[in-house]
Structures are given as C-alpha cells and as structure tokens.
Amino acid sequence: MAGSPNEDSEGSRITYVKGDLFACPQTDSLVHCISEDCRMGAGIAVLFKKKFGGVQELLNQRLDVVLIVCNGKMYPL
C-alpha cells in the first residue's frame with residue numbers, strides 16, 4: 001500500500017492509501033456506521049458484515065447507540 005500524506009495549516013494530517021482496507025495493521029481500527037435495522041445489504045457494509053459478523057448480536061441488544069468494532073470486538077460508546 002502506498003500512501004500520500006496531506007497536512008493542513010493546523011497540523012492535521014490525512015494519508016490517502018490505496019489497497020485492501022481489511023489488510024490494515026492490527027493496530028488500526030475500522031469503523032463503519034450502519035442503520036438501526038443492521039441490514040448492511042449494500043456497498044462496503046456487506047464486506048464489513050462478512051468479515052466481522054455479529055449482526056444478530058447487535059440486533060439482540062436492541063441498542064440505539066453507536067458501537068465501535070475494533071479488531072473484531074464490539075464496544076458501545
């Protein structure tokens with residue numbers, strides 16, 4: 001993966017990387033917002049569902065809050 005950093009005037013930095021998102025280092029976290037029904041039937045949501053699963057677990061919790069999935073584990077905020 002090759003990255004090209006861009007830094008703004010305040011020192012914030014965004015690095016654009018081309019490659020397989022799911023091949024990122026274990027020290028990185030992937031986050032994806034989904035709808036309350038947890039359908040995840042289109043776009044990158046389908047890939048997240050296949051890679052991490054846990055949809056039924058989310059539905060069973062009947063939560064209306066944000067959850068973070070990090071290294072395959074779910075954390076409520």
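Good morning. Please bear in mind that the model before you is a predicted one.

Is Ile44 buried, partly exposed or exposed? With a relative accessible area of 36%, Ile44 is partly exposed. Leaving aside residues up to four places away in sequence, Ile44 touches Leu21 and His32. His32 is 12 residues from Ile44 along the sequence, and their C-alpha atoms are 8.7 Å apart in space.

Ile44 also belongs to a feature of the surface. Together with Leu21 and Leu47, Ile44 forms a nonpolar patch there, and the three residues have about 240 Å² of accessible area together. Leu47 has its place in helix 1, which covers residues 44-52. The relative accessibility of Leu47 is 44%, and Leu47 therefore counts as partly exposed.

Let me now step back to the whole protein. It has 2 helices and 4 strands. Read from the N terminus, these elements follow the order β-β-α-α-β-β. The protein has 77 residues, of which 13% count as buried. Its accessible surface comes to about 6300 Å², and carbon and sulfur atoms account for 52% of that surface. As for contacts between residues at least 6 apart in sequence, 18% of them join residues at least 24 apart.

I turn next to the interior. In soluble globular proteins, nonpolar side chains tend to be buried together. Which residues make up the largest nonpolar core here? There are 8 in all: Phe22, Leu30, Cys38, Met40, Ala45, Phe48, Val55 and Leu58. Helix 1 and helix 2, the latter spanning residues 55-61, are the elements that give two or more residues to this core.

Cys38 is placed in the loop between strand 2 and helix 1. Although Cys38 is not a glycine, it has a positive phi of about 55°. Its relative accessibility is 9%, so Cys38 counts as buried.

Met40 lies in the loop between strand 2 and helix 1 as well. Its phi is also positive, near 50°, and Met40 is a residue other than glycine. Why does Met40 count as buried? The reason is its relative accessibility of 11%, because buried means under 20% relative accessible area. Not counting residues up to four places away in sequence, Met40 touches Ile34, Ala45, Val46, Phe48, Lys49 and Val55. Met40 and Lys50 are 10 residues apart along the chain, with 9.8 Å between their C-alpha atoms.

That list of contacts included Phe48, and Phe48 brings me to the aromatic residues. How many aromatic pairs does the structure hold? It holds 3. In one of them, the ring centres of Phe22 and Phe48 are 5.2 Å apart and the ring planes stand at 70°, so this pair is edge-to-face. Phe22 lies in the loop between strand 2, residues 13-18, and helix 1, while Phe48 lies in helix 1, so the pair ties together parts that are 26 residues apart in sequence.

Another pair joins Phe48 and Phe52. Their ring centres are 5.8 Å apart and their planes lie at 45°, so this pair is tilted. Both residues lie in helix 1, 4 residues apart, which is about one turn of the helix. Taken together, Phe22, Phe48 and Phe52 form one aromatic cluster.

Ile44 and Leu47 contribute to the nonpolar patch on the surface, and Ile44 touches Leu21 and His32. Thank you for your attention.

Methods. Residues numbered from 1 in each chain as written. Predicted model: local features only at pLDDT ≥ 70, side-chain atom pairs only at ≥ 80, totals over all residues. Heavy atoms only, no water. Patch = residues over 30% accessible without salt bridge, like charges linked within 9 Å, V, L, I, M, F, W, Y side chains within 5 Å. Areas by Shrake-Rupley, 256 points an atom, 1.4 Å probe, with all protein chains shown as cover. Salt bridge = Lys/Arg side-chain N within 4 Å of Asp/Glu carboxyl O. Buried < 20%, exposed > 50% of the residue type's maximum accessible area, 1.4 Å probe, protein only. Phe/Tyr/Trp six-rings, centres within 6.5 Å; stacked < 30°, edge-to-face > 60°. Contact = heavy atoms within 4.5 Å. Core = buried A, V, L, I, M, F, W, Y, C linked by side-chain atoms within 4.5 Å.
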